[in-house]
Structures are given as C-alpha cells and as structure tokens.
Amino acid sequence: AFVGDAYYALYMRRHLVGTGIPNVQVLHTLAAEFVSAKVQAIVYRQLKEHLNEEEQAVCQRARNAYSQTPKYHDSTALEALVGYLVLSDQQERLQAVMEQIYTYTQEYCRMAHP
C-alpha cells in the first residue's frame, strides 16, 4: 500500500496536469479529492469485480490487516493492488488498472459535482 499510494497520487496528478487546468489551487483541490480514502474506496468497490484471483487475494490481505482503521480497508486494498502491480513489474496490467481507476474517479466526480 505504501508504494501504491505514492504511484497512485503521482498518476492522478499527471493526468490532472494533462487536462490543461491552469489554476494550481483547482488542481490541488481535485488531486486531494482524487486520492482521498473516500474516493479510493468507492473506486475500489467498482473495480474489484474486474480483478483476477491473484489481485483479489492481494486486496483481501490488505483489507484484513489488523492495524488499520476499518473505514480505510477498501482504500488500502486499492493502494495495495497498485503497489503490487508496480513492484511485480506488471506494467501492462498496471496501466489498464490505472486507466480504469481514473475513469471511475472521473465518473464519481461528475456525479458528486454536477
């Protein structure tokens, strides 16, 4: 989850910069929302049905970690998945998962901020 969190945040920030939004404060606000535990948990719940068995097992282990606050289980699972894909050098799968995450994040933002 530690590596996944860093990769996730950088990925989201790169995509936000690519939107052409010129206002740094707007970019910062969007980035903070995109990487929030709340949004990550919502995205994870949509993504989890598209994961293979190995990826589901990684997420389940992360969700079951005893040291976490329960409200963060789903967001931690998502970060662990991303970290697993980064560290296992599964670049194609990582890219596909991150694209899906970005799409789900955009959909959430459209609904949350009509």
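Reader: Is Gly83 buried or exposed?
Author: Gly83 is buried, with a relative accessibility of 3%. Bear in mind that this is a predicted model.

Reader: Which helix does Gly83 lie in?
Author: Gly83 belongs to helix α5.

Reader: And what is Gly83 in contact with, leaving aside neighbours within four places in sequence?
Author: Val3 and Gly4, once those neighbours within four places are set aside.

Reader: How far is Gly83 from Arg45 in space?
Author: 17 Å, C-alpha to C-alpha. Along the sequence, Gly83 and Arg45 are 38 residues apart.

Reader: Staying with α5, at what angle does α3 pack with it?
Author: At about 70°, with the axes of α3 (residues 37-47) and α5 (residues 73-87) 7 Å apart. Angles of 65 to 115 degrees count as roughly perpendicular, so α3 is roughly perpendicular to α5.

Reader: Which residues make that contact between α3 and α5?
Author: From α3, the contact uses Ala37, Gln40, Ala41, Val43, Tyr44, Arg45 and Leu47. From α5, Asp74, Ser75, Ala77, Leu78, Glu79 and Leu81 take part.

Reader: How many of the residues in the contact of α3 with α5 are charged?
Author: Three are charged, alongside eight nonpolar and two polar.

Reader: Which residues of α3 are buried?
Author: Val39, Gln40, Ala41, Val43, Tyr44 and Leu47 of α3 are buried. The cover over the buried residues of α3 includes α1, α2, α4 (53-63), α5 and α6.

Reader: Changing topic to aromatics. How many aromatic pairs are there?
Author: The count is two aromatic pairs. Tyr7 and Tyr11 form a stacked one, 6.5 Å centre to centre with 25° between the planes.

Reader: Where do Tyr7 and Tyr11 lie?
Author: Both are in helix α1 (residues 2-17), four residues apart, which is about one turn of the helix. Residues three or four places apart point the same way because an α-helix has 3.6 residues a turn.

Reader: Is Tyr11 buried or exposed?
Author: Tyr11 is buried, at a relative accessible area of 7%. Tyr7 is partly exposed, at 26%.

Reader: What about Phe34 and Tyr102, how far apart are their ring centres?
Author: The ring centres of Phe34 and Tyr102 are 6.2 Å apart. Their planes stand at 70°, so the pair is edge-to-face.

Reader: Which helices do Phe34 and Tyr102 lie in?
Author: Phe34 is in helix α2 (residues 24-34) and Tyr102 is in helix α6 (residues 91-112), so the pair ties together parts that are 68 residues apart in sequence. Phe34 and Tyr102 are both buried.

Reader: Now α1 against α6. How far apart are the axes?
Author: The axes of α1 and α6 are 11 Å apart, and the packing angle is about 60°. The crossing of α1 and α6 is right-handed.

Reader: Which residues make the contact there, α1 with α6?
Author: On the α1 side, Tyr7, Tyr8, Tyr11, Met12, His15 and Leu16. On the α6 side, Leu94, Gln95, Met98, Glu99, Ile101, Tyr102 and Thr105. The residues of this contact divide into nine nonpolar, three polar and one charged.

Reader: Met98, then: buried or exposed?
Author: Met98 is buried, at 0% relative accessibility. Setting aside neighbours within four places in sequence, Met98 is in contact with Tyr7, Tyr8, Tyr11 and Val82.

Reader: How does α1 pack with α2, what angle?
Author: About 140°, with the axes of α1 and α2 10 Å apart. α1 passes α2 in a right-handed crossing. The contact is made by Tyr8, Met12, Arg13, Leu16 and Val17 of α1 with Leu27, Leu30, Ala31 and Phe34 of α2.

Reader: How do the residues of the contact of α1 with α2 divide?
Author: Eight are nonpolar, none polar and one charged.

Reader: Last one. Which residue has a positive phi although it is not a glycine?
Author: Asp89, with a phi of about 55°. Asp89 sits in the loop between α5 and α6, and at 56% relative accessibility Asp89 counts as exposed.

Notes
Residues numbered from 1 in each chain as written. Predicted model: local features only at pLDDT ≥ 70, side-chain atom pairs only at ≥ 80, totals over all residues. Heavy atoms only, no water. Phe/Tyr/Trp six-rings, centres within 6.5 Å; stacked < 30°, edge-to-face > 60°. Helix = DSSP H or I, 4+ residues; strand = E, 2+ residues; numbered from the N terminus. Buried < 20%, exposed > 50% of the residue type's maximum accessible area, 1.4 Å probe, protein only. Axes fitted to C-alpha atoms, helices over the stretch in contact; angles between N-to-C directions. Parallel < 35°, antiparallel > 145°, perpendicular 65-115°, else oblique. Contact = heavy atoms within 4.5 Å. Nonpolar A, V, L, I, M, F, W, Y, C, P; charged D, E, K, R; others polar. Left-handed = near helix turned anticlockwise from the far one by under 90°.
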